[in-house]
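Reader: Hi! Could you walk me through this one while I have it open?
Author: Happy to. Let's bring it up and start with a single residue.

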Amino acid sequence: MNGGFWRRLLALTRKEVKQLLRDRSNLMMGIALPLVLILIFGYGLSFDVKNAPVAVVMEDHSPTANDMIAGLRLSPYLAPTVVDSMHDAENLMLARKVDAILRLPSDFSRRLGLGDAHVQLILHGADANTSRTIQGYVQSALAQSTVVQADRSGDTPSPAVGSVHLEQRLWFNEANTSTWFLVPGLIVLITTLVGAFLTALVMAREWERGTLEALFVTPVRPLEILLAKIIPYFGVGMIGLLMCLVAARFLFDVPIYGSLWLILLVSVFYLFVALGIGLLISAVTKNQFTASQLALVTSFMPALMLSGFIYDLRNMPLAVQVVGRVLPATHYMEVLKSLFLAGNLWPVILKNCVILIGYAVVVLAAARMKTRKLLE
């Protein structure tokens with residue numbers, strides 16, 4: 001290798017560096033994408049369930065039962081709350097304020113002494129992994145409490161003292177299968193993919209080819225152009241949604257306890273949000289590669305990782321929880337799982353529908369405004 005090789009190599013390297021610095025989108029993508037991914041994977045993922053809210057119905061107020069509940073409070077994974085009745089506990093479960101109900105019957109202490117104590121554990125089955133984890137925590141805490149009581153009394157732990165039989169029921173997911181909560185989540189991901197990712201990619205291609213500018217020089221208004229672009233992809237998204245619903249019901253045997261019309265209505269709201277995000281991204285970037293990467297990072301990946309699809313959002317750090325709550329996919333995920341597995345829970349439906357409508361108005365208005373500015 002002579003001196004000419006090094007001169008050419010240096011010149012080419014300098015040119016590539018200048019070209020990279022000129023293209024700020026690629027530069028930002030190269031820096032921001034690894035940063036976002038490392039933050040998501042480093043801080044956002046956790047298989048632990050901490051401070052799981054559990055409603056405790058104490059029909060036995062004996063010291064033995066109180067000691068048992070004290071044992072639950074010592075667990076860093078459980079946050080027990082004593083309520084007055086099963087009715088109150090069920091209301092908390094329906095509002096998704098607790099993940100489980102633990103009921104100690106009135107004869108708990110007496111039967112514990114006889115070695116035949118029974119408690120009832122009702123689990124919220126919308127997230128099968130979380131429910132199984134909480135079940136293990138409760139079983140472990142109860143077993144530990146019986147051992148502590150035996151040590152305190154000076155008795156040798158015997159099968160009679162340590163025998164607590166747990167009668168469990170699983171609400172909203174009787175089959176205790178992850179398919180029941182994964183399939184509604186997949187519908188959210190597919191709707192996001194079609195609405196935001198595909199729309200951003202295709203619209204950016206038209207910006208690159210100049211076909212949109214050709215339309216803008218005609219008397220047609222920008223709003224009309226945007227609506228004309230939205231309608232076909234809205235149709236594609238609804239067809240995909242219907243296919244997913246058919247597959248969920250007849251291929252995976254996922255029950256639909258809520259109204260099918262409500263599922264369609266909520267999906268329409270979210271599809272408008274996703275389409276608006278896709279239009280906004282394409283109007284900002286006007287480049288296929290940048291639009292696809294930006295749509296992937298801002299819509300699909302957050303919907304996959306931070307919407308509650310796989311991991312419980314409440315187990316994540318507070319900052320990640322805030323990010324997750326801001327995402328429209330999180331609200332669509334919550335209401336869709338409720339409609340599939342729990343039925344028409346109106347407080348959940350109304351709250352999330354209002355949020356999704358607000359997102360749709362804001363995002364579509366931003367897309368229209370950005371398009372108008374580009375024309376000017």
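**Contacts, cores and charges**

Author: Leaving aside neighbours within four places in sequence, Ser 145 is in contact with Asp 67, Met 68 and Gly 71. Keep in mind that this is a predicted model.

Reader: Thanks. Which helix does Ser 145 lie in?
Author: Ser 145 belongs to helix H6, residues 128-153.

Reader: And is Ser 145 buried or exposed?
Author: Ser 145 is buried, because its relative accessible area is 7%, and buried means under 20%.

Reader: How many residues apart in sequence are Ser 145 and Asp 67?
Author: They are 78 residues apart in sequence, while their C-alpha atoms are 7.3 Å apart in space.

Reader: Switching topic: how many residues does the largest nonpolar core have?
Author: The largest nonpolar core has 59 residues, and Ile 101, Ile 187, Tyr 332 and Phe 340 are those with the most contacts inside it. Strand E1 (52-58) supplies at least two residues of this core, and so does each of several helices, including H4 (86-94), H7 (179-209), H13 (328-341) and H14 (346-375).

Reader: Which helix gives the most to this core?
Author: That is H10, with 11 residues.

Reader: What about domains, which ones does this core draw on?
Author: At least three residues come from each of domain 1 (16-46 + 176-371) and domain 2 (52-144).

Reader: You mentioned Tyr 332. What does Tyr 332 touch?
Author: Not counting residues up to four places away in sequence, Tyr 332 touches Ile 187, Val 188, Thr 191, Leu 241, Val 266, Ser 267, Tyr 270 and Leu 356.

Reader: Nice. Now the surface: which residues form a nonpolar patch there?
Author: Leu 318, Val 322 and Val 326 do, and together they have about 290 Å² of accessible area. Val 326 is found in helix H12, residues 318-326.

Reader: Why does Val 326 count as partly exposed?
Author: Its relative accessibility is 49%, so Val 326 counts as partly exposed; the exposed class needs over 50%.

Reader: On to charges. How many salt bridges are there?
Author: The count comes to 6 salt bridges. As background, side chains of opposite charge can pair when their charged atoms come close.

Reader: Which residue forms a salt bridge with Asp 99?
Author: Arg 96 does, with the closest N and O atoms 3.4 Å apart. Asp 99 is buried, at a relative accessible area of 3%, whereas Arg 96 is partly exposed at 31%.

Reader: Last one: which residues do salt bridges that share partners join into one network?
Author: Asp 107, Arg 110 and Arg 111. Within that group, Arg 111 forms a salt bridge with Asp 107, the closest N and O atoms being 3.7 Å apart. Arg 111 is partly exposed at 26% relative accessibility, and Asp 107 is partly exposed at 22%.

Key: Residues are numbered from 1 along each chain as its sequence is written. This is a predicted model: local features need pLDDT of at least 70, side-chain atom pairs count only at pLDDT 80 or more; totals for chains, interfaces and linings use all residues. Side-chain values use heavy atoms; hydrogens and water are left out. A nonpolar core is a set of buried Ala, Val, Leu, Ile, Met, Phe, Trp, Tyr and Cys residues joined through side-chain atoms within 4.5 Å. Buried means under 20% relative accessible area, exposed over 50%, partly exposed in between (1.4 Å probe, protein chains only). Helices (H or I, at least four residues) and strands (E, at least two) are DSSP runs, numbered from the N terminus. Domain bounds come from an automatic or database domain assignment. Contact means heavy atoms within 4.5 Å. Patches are made of residues with over 30% relative accessible area and no salt bridge: like charges are joined within 9 Å, nonpolar side chains (Val, Leu, Ile, Met, Phe, Trp, Tyr) within 5 Å. Accessible areas come from the Shrake-Rupley method with a 1.4 Å probe; for residues, only the protein chains shown count as cover. A salt bridge is a side-chain nitrogen of Lys or Arg within 4 Å of a carboxyl oxygen of Asp or Glu.
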